[in-house]
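The tour moves from one stop to the next.

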Amino acid sequence: MLSNLKRRGMRSLLFPYSLLLRPSTLSSVLIPPPNILRRPLPLLPASPFSGLKRGPASPIAASSPSSSFRRLSSSASSMADQAVSYLSQSEAAEVDEILMGPLGFSVDQLMELAGLSVATAIAEVYKSSEYSRILAICGPGNNGGDGLVAARHLHHFGYQPFICYPKRTPKTLYNGLVTQLESLSIPFLSINDLPQHLAENFDLIVDAMFGFSFNGQPRPPFDDLIQRLVSLRHDNYVSKRSPPIVSIDIPSGWHVEEGDITGEGLKPDMLVSLTAPKLCAKKFVGPHHFLGGRFVPPSISSKYKLCLPKYPGTSMCVRIGKPPSVDIASLRENYISPELLEDQVAPDPVDQFFKWFDEAVAAGLREPNAMTLSTCDREGKPSSRVVLLKGADKHGFVWYTNYESRKAHELSENPHASLLFYWNQLNHQVRVEGTVEKVSREESEQYFHSRPRGSQIGAIVSKQSTVVIGRHVLHDAYKELEERYADGTAIPLPEFWGGYRLKPTRFEFWQGQPSRLHDRLQYSLRILNGNELWHIERLSP
């Protein structure tokens, strides 16, 4: 396969390739051969505190404009239909003692994991494009340390944190956390430095004042700080939103087991419980409850009979309870991107595609080669599905599939198709349109045998798009073939399996911009003096 791709000049997605870009200039709009251009870097954010403007207001629609598009539930992992265990104050203290005793954890290890969990939960709900300026109010204990760690991670996640840490703990661990934040030029604000109107200067507030070990009534200056957060809900900000409040483990001022006893305390929008939820979390009524601190060993779960959700994938947080329902019409993102200009893109769209594809790979996006393939039957009825790009060059974009599938039947009736790549985190979208043909049998065979043996067997077992009475049928057929080729002999390429190549005639490169004034640059294939040339023009968003 590799030698064949080299001979064709194809970019195979099975092998690494250079991410370097070459600068060049663009001399005209109707352009012959390609050169990749370097895109200018985005401007850095303005300096810290004074004169900062709010991000765009949170879009919360009063009512849905259409009854057919009314509510949508978040896709975040949840424990909506399962019981969750809660710890009393004494149990929480015992768990900490066990973790830092016989189980060998240190305070700084637990604090680092807790702070990372908090930052991850915040990033999952409150995007940096809208909630950039974060005020973390940190108390003198471990809860405050969690807030300091969370602020550091939020800085690296692209947020702009500010720290209010009025009662510093003179211990080496805490001094180190302060030094780490100062080395990142994260501003520390004294009580006197805090602006009178927090809602005008911050997009989100992290409550890291008191944890589960706190007893009694908050003392100055924290009693006043808690009241300032409570008052945010009552201040007369008619045209402005109140910044969301995220409490770490325990909303400050709450009783650890009985919650907000007076009913006039802090009402955070998000609670990030650590290790396991405390009893007061049963009284939490905000829209976002997460569990963080992915370090509870089986011995503790067994001792305290803990029922906790499983963390998805590599995530450091998991949602507890039902995710909030939101109005579909209110879901929107205000994209922030550098401008995409005609004189900054590559003359050849395939080169421009690989420039963006390389950026998606470098950003660590999952399956950047995933693309939506849309086909139509002879009656013009469309269908779409996601497939994986497996090679590309100036001749086209290649993927592999079953030649008896629905997509294959439609391509035999109508060889015109389109591809869509969407790299959400980069605000990039690429559309490719063209005609489709099968790749050679040789190419299909070389690619087929480059796949893992399990995938080869799976391709033979699956009669794609046909009805199957149960999953056991697939398992039984797979096991039979696995046993047949257990000696390591080559698995033959089935006649019904192979590749397709879409030969492009049109590209569109879309880049999200604020206020929906998106960039859309279209490449269309033109014939000039018998030569095929790519013509670039801007489309209205």
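Leaving aside neighbours within four places in sequence, which residues is S252 in contact with? Select D207, M209, F210, I226, S247 and L266; contact means heavy atoms within 4.5 Å.

This is a predicted model, where local features need pLDDT of at least 70 and side-chain atom pairs count only at pLDDT 80 or more, while totals for chains, interfaces and linings use all residues. Residues are numbered from 1 along each chain as its sequence is written, and side-chain values use heavy atoms, with hydrogens and water left out.

Stay on S252. It sits in the loop between β7 (245-248) and β8 (270-274); strands are DSSP runs (E, at least two residues), numbered from the N terminus. S252 counts as buried because its relative accessibility is 1% (buried is under 20% relative accessible area, with a 1.4 Å probe and protein chains only).

Now show side chains. S252 and D207 are joined by a polar contact of 2.5 Å. Such a contact is a pair of N or O atoms within 3.5 Å; within protein, one must be able to donate a hydrogen and the other to accept it, and residues adjacent in sequence count only if both atoms are side-chain atoms.

Next, select D207, in strand β6 (residues 204-208). At 0% relative accessibility, D207 is buried. A polar atom of its side chain lies 3.4 Å from the backbone nitrogen of M209.

Last stop: R385, in strand β13 (residues 382-388). Its side chain makes a polar contact with that of T375 (3.0 Å).

Note on methods. Helix = DSSP H or I, 4+ residues; strand = E, 2+ residues; numbered from the N terminus. Buried < 20%, exposed > 50% of the residue type's maximum accessible area, 1.4 Å probe, protein only.
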